Amino acid sequence: MARSSAQRPDGAARGRTAPGRAREMHVSYPVLGTPSLDRIIHERVRLGIASALAVNESLTFNELKSLLKTSDGNLSVHARRLEEAQYIVCTKSFAGRVPKSEYRLTPAGRKALERYLDHMEALIRATRER
């Protein structure tokens, strides 16, 4: 059977990452001399998760969902991406028969968030100086 020109040999569509393979995406800002912006943190919901956890020791899934005003599925996908990057850690337990997921920011996640914020502050300064 002939392969579609839009598919790669590994079965993934062109321009997409095959399932199970995380692809780091970075945006370049050569004006600042910094090679890239961390796209893991840059996404709105993931930035919200990391920021909320930076100012709280831990938050439950429901607390994050309420705080970020997002759906279960959306929060779950973004939290998993941060876990894969080892920026957050999730501890699962039960309160009676009710499952409870509690998230904490890891030292690597705190460092990534600080680096991201430094980068954004540099972008803001560079923009205002023009």
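A crossing of two helices is left-handed if the near helix is turned anticlockwise from the far one by less than a right angle, and right-handed if clockwise. The legends below concern a predicted model, in which local features need pLDDT of at least 70, side-chain atom pairs count only at pLDDT 80 or more, and totals for chains, interfaces and linings use all residues. Residues are numbered from 1 along each chain as its sequence is written, and side-chain values use heavy atoms, with hydrogens and water left out.

**View 1. Helices H2 and H5 cross in a left-handed sense.** Helix H2 covers residues 44-54 and helix H5 residues 107-129; they pack at an angle of about 110°, with their axes 10 Å apart. Axes are lines fitted to C-alpha atoms, for helices over the stretch in contact, and angles run from 0 to 180 degrees between N-to-C directions. H2 and H5 are therefore roughly perpendicular to each other, a term for angles of 65 to 115 degrees.

**View 2. Residues of H2 meet residues of H5.** On H2 the contact (heavy atoms within 4.5 Å) is made by Leu 47, Ala 50, Ser 51, Leu 53 and Ala 54, and on H5 by Arg 110, Leu 113 and Tyr 116. These residues divide into 6 nonpolar, 1 polar and 1 charged. Ala, Val, Leu, Ile, Met, Phe, Trp, Tyr, Cys and Pro count as nonpolar, Asp, Glu, Lys and Arg as charged, and the others, Gly among them, as polar.

**View 3. Three strands form an open antiparallel sheet in the order E3-E5-E4.** The edge strands, each pairing on one side only, are E3 (59-60) and E4 (88-95). Helix H4 (residues 72-84) packs on the sheet and touches E4 and E5; its direction makes about 125° with that of E4. Two strands pair if DSSP finds at least two bridges between them. Strand E5 (residues 98-105) is joined to E3 by 2 bridges, and Leu 59 stands opposite Tyr 103 in E5.

**View 4. Strands E4 and E5 form a hairpin.** Their antiparallel pairing extends over 8 bridges. Thr 91 stands opposite Glu 102 in E5. The hairpin has 2 residues between its strands, and Gly 96 in the turn has a positive phi of about 75°.

**View 5. The protein has 5 helices and 5 strands.** Helices (H or I, at least four residues) and strands (E, at least two) are DSSP runs, numbered from the N terminus. From that end, the elements run β-β-α-α-β-α-α-β-β-α. Of the 130 residues, 32% count as buried, that is, under 20% relative accessible area with a 1.4 Å probe, protein chains only.

Terms used. Parallel < 35°, antiparallel > 145°, perpendicular 65-115°, else oblique. Buried < 20%, exposed > 50% of the residue type's maximum accessible area, 1.4 Å probe, protein only.
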